[in-house]
Amino acid sequence: MDDDADAQQAFEAWKSGRTGFPIVDAGMRQLAQTGFMHNRVRMIVASFLVKDLHLPWQWGARWFLEQLVDGDMANNQHGWQWAAGSGTDASPYFRVFNPTTQGAKFDPSGDYVRRWVPELAGLDDTADVHKLTHRPVGYPEPIVDHGRERAEALRRYRELS
């Protein structure tokens, strides 16, 4: 993010499930409504926060502990460090989940996204639920370009090695 205001705006979009990436938004909305999120979706939204938005993993860890009904300090912190590519089990730190591909792979019917993102509930084409070739009115455009942010994340990791 270019500055603190941009970072905070991106963080708020992530927390409220308004990123424009259906699987990320579904997970964050489920978390807000139920205090729970499936482990696979936890990994997807964590990767998105630290590797697409380039925000500190600690922000996501803190938010999860505030929201999760099954929050456990050790598991939470370790999971976030894993997603960020830091900590005791950081390999492969270069893994950057593609939210569109992950959504299609782990929600092949699109039912999960349709349940938690009502703006997409009326989409019949399962592929369109994840790729959004026909973005419904009221659903946000992607807040970042995943391909560009993936490349930036990998560039940053290369600088550290």
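Helices in this text are DSSP runs of H or I with at least four residues, strands are runs of E with at least two, and both are numbered from the N terminus. The model is a predicted one, so local features need pLDDT of at least 70, side-chain atom pairs count only at pLDDT 80 or more, and totals for chains, interfaces and linings use all residues. Residues are numbered from 1 along each chain as its sequence is written, and side-chain values use heavy atoms, with hydrogens and water left out.

Let's start with the overall view. The protein has 9 helices and 0 strands, giving the pattern α-α-α-α-α-α-α-α-α along the sequence. Its C-alpha trace spans about 45 × 35 × 30 Å along the principal axes. The radius of gyration, taken over C-alpha atoms, can be set against a globule rule of 2.2 Å times the number of residues to the power 0.38. For 161 residues a compact globule would come out near 15 Å, and the protein agrees because it has 15 Å.

Now for what is inside and outside. Buried means under 20% relative accessible area, exposed means over 50%, and partly exposed lies in between, using a 1.4 Å probe and protein chains only. Of the 161 residues in the protein, 48% are buried. The protein exposes about 8,300 Å², and carbon and sulfur atoms supply 52% of that area (Shrake-Rupley method with a 1.4 Å probe; for residues, only the protein chains shown count as cover). Contact means heavy atoms within 4.5 Å. Among contacts with a separation of 6 or more, 63% join residues 24 or more positions apart.

Next, step into the core. A nonpolar core is a set of buried Ala, Val, Leu, Ile, Met, Phe, Trp, Tyr and Cys residues joined through side-chain atoms within 4.5 Å. The largest one holds 40 residues, of which W14, V24, M28, F64 and W80 touch the most other members. Elements that give two or more residues to this core are α1 (4-16), α2 (22-34), α3, α4, α5 (73-84) and α7 (111-116). The largest share, 7 residues, comes from α3. Take W14 as a guide: leaving out residues up to four places away in sequence, W14 touches T19, V24, M28, V45, F48, L49, L53, G60, W63, F64 and W80.

R29 sits in helix α2 and is buried, with a relative accessible area of 10%. Beyond its neighbours within four places in sequence, R29 is in contact with S16, G17, R18, W116, V117, P118, E119 and Y139.

Finally, visit the loops. Between α3 (39-52) and α4 (57-67) you will find H54, which has a positive phi of about 60° although it is not a glycine. H54 is buried, at 14% relative accessible area. P56 lies in that loop between α3 and α4 as well, but P56 counts as partly exposed, at 32% relative accessibility. Not counting residues up to four places away in sequence, P56 touches L49 and V50. P56 and A13 are 43 residues apart in sequence and 15 Å apart in space, C-alpha to C-alpha. Further along, the loop between α8 (126-131) and α9 (146-160) holds L132. L132 also has a positive phi, near 50°, in a residue other than glycine, and at 7% relative accessibility L132 counts as buried.
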